[in-house]
Amino acid sequence: MAPTNQSHSGLSRLLQQVRLPNSWLPEMVRSLGGVSPQEIGLLLKSITSKRRPKVVPPINGDFYDIADTLSAEEQAIQQQIRTYMEQRVRPLAAEYWERGEFPHELVPSFGRLIGETFGRQPYAIDALGPTLTGIACMEMARVDASIYTFFGVHWGLCMGSISMFGSDAQKAQWLPAMQRFDLIGSWALTEPNIGSATAAGMETTARQENGQWILNGAKKWSGNAPIADVNVIFARDVTNHKVAAFLVERGTPGYHVEKLEGKISLRVVQNADIRLENCKVPAANRLPGVTSFRDVARQLAVTRAAVAWAMTGVAMGAYERTLDYANQRIQFGRPIAAFQMVQNGLVQMLANVTAMQTMCMRMSQLYARDGKISHERASLAKVFCGEKMRETVSIGRGLLGGNGILLEHEVARYFADAEALYSYEGTHEMNTLIVGRAITGIGAFI
Ligand SMILES: Cc1cc2nc3c(=O)[nH]c(=O)nc-3n(C[C@H](O)[C@H](O)[C@H](O)COP(=O)(O)OP(=O)(O)OC[C@H]3O[C@@H](n4cnc5c(N)ncnc54)[C@H](O)[C@@H]3O)c2cc1C
């Protein structure tokens, strides 16, 4: 039906009502050319509906103002990381995720970002202090959990091991270049046959021969390994059966790295299957500070605390993207954000995010107060945040309807990526058992 002069003046009134200039009229009339009077009526009703707010509130995943606990200088660092993630990473995230490739093009600028924010010399795993380090991880994962994981493996696990357990010579050789991201690090504890039980059953062996170490065995999942210059490999010393750690450099004979394919989560992160076949490592590449699995566990408490913050970031990002979608998606003539059940889902998501943030804040405050984080406090945060993250991304994915499974609308990526965070750095069950042992005094692992 062709629009009449009468409907033109109606549209003109409508444009004034919604505060749009009359210059929009010709374009609008053109677009409405093939639309029925009933549909135009529904459209008018939806645009003029009293339920549509004149000003849409800003989307804010920090409802309890946790950023307020930071100094102005710290807030500027948080903002710098957020801006980088929004401007540089977000536009590329879905495309690389779908291809299962790592965005090498980002490494120089990401390295500069970390240099300008974390880059105090000498290297420290939580260079920004426990709270801001946690918030930085949250900010990365708020946009892309894969980039957070790339950072977590390189900075927290690999550099963290060298810093905590390395000799002065090893630190001097590796840390400055890794801090600049000129060299990339990986970390390999898990094995094909041994995941949760690495403390008891590691199968990879290390034996000393003619002043060098010979490694044999296999590793699975090692993050960044296909692109890394150095990998921290854990193996059981055949003489005393204790866990030891070695810096294995790319290209070492007997060190075979194969990219792990077929992941449905964190597809940008390059994980690997590794075979060690009489892999000869110089004696100088053994990390002297690792003499048993207890040392590894000490490091894992720190990195698990960071993962709890990252889980918070995943939930926060999913909440913000879902709210944005709900404000824009029109059904039955209204934005879906106007429906009670949708609001219920959004509020549940926000409540989860807020609970995760406040728990992580307190965990980091205790870490700062005590100068260390206990296993059980880090594990409790990972257990709680893991559960709430999964619930949050699942609600978000549902609220997007069919678009909730399309990468284009982002929440699908959060939904899928949450699954890897839920399992890595100790599964939900393992972390639960760590807390269970602490509160009952009884280890229930076996
Ligand atoms: C994306 C991704 C990245 C990773 N990156 C790395 C990395 O960089 N380096 C690295 O070393 N590893 C890495 N991992 C490995 C990760 O740490 C392991 O997947 C994890 O420790 C669990 O081991 P598993 O997968 O072998 O599971 P399993 O140990 O086989 O567990 C299977 C299930 O059994 C449960 N279970 C096991 N034992 C018990 C018990 N006693 N009581 C109750 N339940 C139990 C577990 O909780 C789990 O639900 C990564 C994993 C993923 C998914």
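Which residue in β7 is the bridge partner of Trp-213? The bridge partner of Trp-213 in β7 is Val-281. This is a predicted model, in which local features need pLDDT of at least 70 and side-chain atom pairs count only at pLDDT 80 or more, while totals for chains, interfaces and linings use all residues. Residues are numbered from 1 along each chain as its sequence is written, and side-chain values use heavy atoms, leaving out hydrogens and water.

**Strands**
- Strands are DSSP runs (E, at least two residues) and helices likewise (H or I, at least four), numbered from the N terminus.
- Strand β3 (residues 212-223) pairs with strand β7 (residues 271-282) in the antiparallel sense over ten bridges; pairing requires at least two DSSP bridges between two strands.
- Strand β2 (residues 205-209) also pairs with β3 in the antiparallel sense, over five bridges, and Arg-207 has Ile-214 as its bridge partner in β3.

**Helix α7**
- Helix α7 (residues 145-165) bends by about 30° at Met-159, the bend being the angle between axes fitted to the seven residues ending there and the seven starting there.
- In α7, 19 of the 21 residues are buried (buried: under 20% relative accessible area; exposed: over 50%; partly exposed: in between; 1.4 Å probe, protein chains only).

**Salt bridges**
- A salt bridge places a side-chain nitrogen of Lys or Arg within 4 Å of a carboxyl oxygen of Asp or Glu; the count comes to 21.
- Asp-295 and Arg-298 form one, with their closest N and O atoms 3.3 Å apart.
- Asp-295 is buried at 10% relative accessibility, whereas Arg-298 is partly exposed at 44%.
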